[in-house]
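Colleague: Could you walk me through this model and tell me what stands behind the words you use for it?

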Amino acid sequence: MPTDVISAGDLRARIDTRFARKKALAIGLPVVVAAYLAYVFFAFDIPGLADRARMDNARTLTSDMVSYKTHVTRDNRDGTTEVSIEGERKGEYPPGVTPDWVDMQGETTVIDLGGGQIVTFLPDTRLSVELPDFGTIEAGMEGRDVVTNLEEPVPDWISLSRTRLAITTDEGRVSFTRNRTEVFNYFPGWELFWFTFESPYKDHGVGEIVFGPRIDPERSNFAGAWHDFWHNTMWSHSHVAWALFETILMAFLGTFGAAVISLPLAFLAAKNFTPLGPLRFALRRMFDLFRGIDGLIWTIILARAFGPGPMTGALAILLTDTGSFGKMFSEALENVDGKQIEGVASTGAATAHRYRFGVIPQITPVLLSQVLYFFESNTRSATIIGAITGGGIGLLLTQAMITQKDWEEVTYYIILVVLMVMAMDSLSGWLRRKLIKGE
Amino acid sequence: MSFVETDFRANYVALVARKRLYGGIMLAIFALLMISGFTLADSRNAGGFWDGILNVFDFPAAVWEDTAPKLDQLPGHLVTYFPSLVETLNIAAVATLVGTIFGTLLSLLSTRGIARWPRLTGLFRRVMDIMRAVPEIVVALVLIFVLGGGPVPAMIAIAFHTSGALGKLFSEVNENADLKPVEGLASVGARWGQRMWLGIIPQVSPNYFSYALLRFEINIRASAILGFVGAGGLGYELKNAMSWGQGKYDEAAAIFILLFLTIVFFDQISSHIRNRLTGEGAH
């Protein structure tokens with residue numbers, strides 16, 4: 001039997017106010033959000049972003065990610081010419097070997113950039129660049145100055161000063177100074193990813209290496225190819241693998257170390273296991289403190305004591321997560337069902353047995369799934385912490401980025417990091433299903 | 001009868017013994033992994049653990065040494081760095097906001113039963129997996145190279161990751177949503193957007209809000225860390241303050257205090273609100 005009868009008018013009024021409130025919220029919330037975004041638009045100086053953005057950097061980045069350049073360099077002081085991938089010593093062509101677009105005849109080197117563009121290094125530090133739709137540019141040295149047959153004004157893809165001539169075409173780049181003449185030729189792909197020039201397996205396909213005759217008489221094809229790939233000096237695959245492992249190690253030690261430490265502490269911080277109020281309070285505040293001192297601060301403090309490396313990163317994760325786990329575990333412990341403990345106690349079990357059989361089985365699934373979630377997300381954190389303390393793939397990534405030229409390596413690392421995190425994601429998901437649901 | 005009983009008992013004992021054995025082996029493997037991992041990490045570290053543990057308090061002591069004589073300047077430093085703190089919070093807030101919007105869209109597109117294009121749910125799931133897997137620092141560093149330092153690269157980086165992370169959580173919420181309102185709306189000819197906005201969102205918004213709040217808390221930390229690699233805010237100031245070295249750590253101390261108080265403040269507030277949301281029996 002209803003105790004208060006609402007008249008139709010009352011009901012209508014009540015519903016009207018509710019609708020009005022909902023309408024106000026439906027309009028008010030987007031307005032507040034829009035106002036905030038407008039404030040941030042100016043606080044972040046988004047209008048000035050277009051000026052600050054370096055579109056040339058973006059172009060370099062996107063083209064370098066999927067292409068490499070081969071340098072042909074003549075040292076103008078001694079007249080020697082070298083061809084190398086990315087201008088690195090590790091990527092140098094062996095003496096006497098040149099790509100087919102470079103033709104060395106004594107002091108003259110003819111370089112075919114493609115598209116009919118021909119660069120020729122001539123004796124006596126002279127240079128000629130043939131461009132089909134422009135003409136032939138000739139340059140040489142007169143004393144300390146660069147002299148050319150160009151007439152002012154030069155087009156914007158040529159930069160000419162007293163000491164330097166630089167030409168950028170859609171096929172490559174040429175630069176000429178007193179000390180060196182250099183040509184960059186761009187090609188798609190990641191060169192030398194599998195084997196460097198020293199390796200006899202370069203330019204052999206997978207089929208040839210696996211099934212073909214022995215290429216290097218000293219060793220079997222498979223072992224030799226693996227060794228040369230693994231110790232590839234350009235891409236250093238073994239180092240990268242180590243770095244990935246180090247990152248996972250940091251996450252593993254940090255997460256599970258924190259879990260091991262915080263489990264006993266959580267018992268001491270849970271109301272139903274520790275009657276001592278002050279102890280509980282102290283522990284809870286300690287958890288808050290450890291959580292509140294962010295991973296960043298821990299990393300800085302610990303890096304001073306332990307130096308750079310994976311241990312520092314692992315400890316930083318461990319300390320932050322001890323706070324989080326302590327809080328989460330003690331909350332889980334406070335929510336355990338007392339009946340099971342009573343049941344175990346009624347059999348005359350000792351305290352240790354009550355915990356072992358009354359409590360642990362109840363909380364294990366909850367705790368384990370939380371720990372595994374953290375493990376997964378800590379793999380990502382370990383990448384970031386590694387970039388700050390100097391360990392793991394995070395360090396390699398920042399190092400490659402700071403040079404601002406090895407974008408193909410940066411891409412390689414990014415792909416590996418994403419694959420690593422996704423792998424850890426599926427691993428932790430699989431473990432969760434296996435251990436908790438018992439599938 | 002007794003034959004069956006002993007059989008039963010023997011079986012049970014054998015089962016328990018096997019379970020204990022497995023448990024023991026698992027525990028031993030785990031202990032072994034922890035110990036060997038620890039030793040390995042120790043050997044790869046520049047400074048050893050046992051040397052370092054004695055020096056853990058050196059840095060805090062140095063900071064305190066620099067701060068103690070200049071305690072009167074501390075409030076001034078706190079005021080000086082307050083705008084950077086606001087920037088860090090703004091980065092986190094905008095990233096959470098943008099991430100929530102994209103996460104909502106992605107989650108609606110990837111939940112079976114309510115997706116706009118049911119065939120593409122798998123695709124959107126993979127997209128979310130990838131977005132979730134990209135650590136913020138990767139996107140931030142690439143964007144810093146293109147856009148220059150400042151809050152925008154950090155904001156985009158965090159928003160990118162947040163979209164994926166929230167999208168996954170949201171789609172789990174969506175799976176439990178009641179589809180009757182959607183059917184009702186469909187029967188009166190509502191478009192997909194209307195069905196979602198009026199049929200699904202009102203049901204799931206308390207849970208969405210709770211997850212977004214948790215994410216905001218995480219993003220404050222992330223935005224402080226990204227500042228340290230050049231993306232503005234409090235982390236950037238901290239890096240500068242640290243680089244001045246011993247004798248000038250009082251400014252770093254002020255930043256530590258600001259960061260700590262902020263994290264604790266938002267941690268408490270958000271857990272309070274989330275408790276109230278779930279306490280009201282939203283679901």
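Colleague: How do you know how far apart the centres of domain 1 and domain 2 of chain A are?

Modeller: Taken over C-alpha atoms, those centres are 56 Å apart. Domain 1 of chain A covers 70-187 and domain 2 covers 237-437, bounds that come from an automatic or database domain assignment. Bear in mind that this is a predicted model, where local features need pLDDT of at least 70, side-chain atom pairs count only at pLDDT 80 or more, and totals for chains, interfaces and linings use all residues. Residues are numbered from 1 along each chain as its sequence is written, while chains are lettered from A and ligands numbered from 1 in the order in which they are written.

Colleague: What does the radius of gyration of chain A say next to that of a compact globule?

Modeller: Chain A has 34 Å, whereas a compact globule of 439 residues would come out near 22 Å. The radius is taken over C-alpha atoms, and the globule rule is 2.2 Å times the number of residues to the power 0.38.

Colleague: Why are β3 and β8 of chain A called edge strands?

Modeller: The open sheet runs β3-β4-β5-β6-β7-β8 in chain A, 6 strands with antiparallel pairing. β3 (102-105) and β8 (145-148) each have a single partner strand, so one side of each has no neighbour in the sheet. From one strand to the next, the twist averages 15°.

Colleague: What makes β7 and β8 of chain A a pair?

Modeller: Two strands pair if DSSP finds at least two bridges between them. Strand β7 (residues 135-142) is joined to β8 by 4 bridges, running antiparallel, so the pair qualifies. Within it, A:G140 stands opposite A:V147.

Colleague: What about helix α6 of chain A: how does its reach compare with the expected span?

Modeller: Helices are DSSP runs of H or I with at least four residues, strands are runs of E with at least two, and both are numbered from the N terminus. Helix α6 (residues 237-269) has 33 residues and reaches 47 Å, close to the 48 Å expected at 1.5 Å a residue. That expected span is 1.5 Å times one less than the number of residues. There is still a kink of about 35° at A:S262, shortly before A:P264; the bend is the angle between axes fitted to the seven residues ending there and the seven starting there.

Colleague: Why is B:G232 called buried?

Modeller: A residue is buried with 20 or more other C-beta atoms within 10 Å of its own, exposed with 12 or fewer, and partly exposed in between; C-beta atoms are placed from the backbone. B:G232 has 24, so it counts as buried. This glycine lies in the loop between α9 (192-228) and α10 (234-243) of chain B. B:G149 is 83 residues away from B:G232 in sequence but 6.7 Å away in space, C-alpha to C-alpha.

Methods
Axes fitted to C-alpha atoms, helices over the stretch in contact; angles between N-to-C directions.
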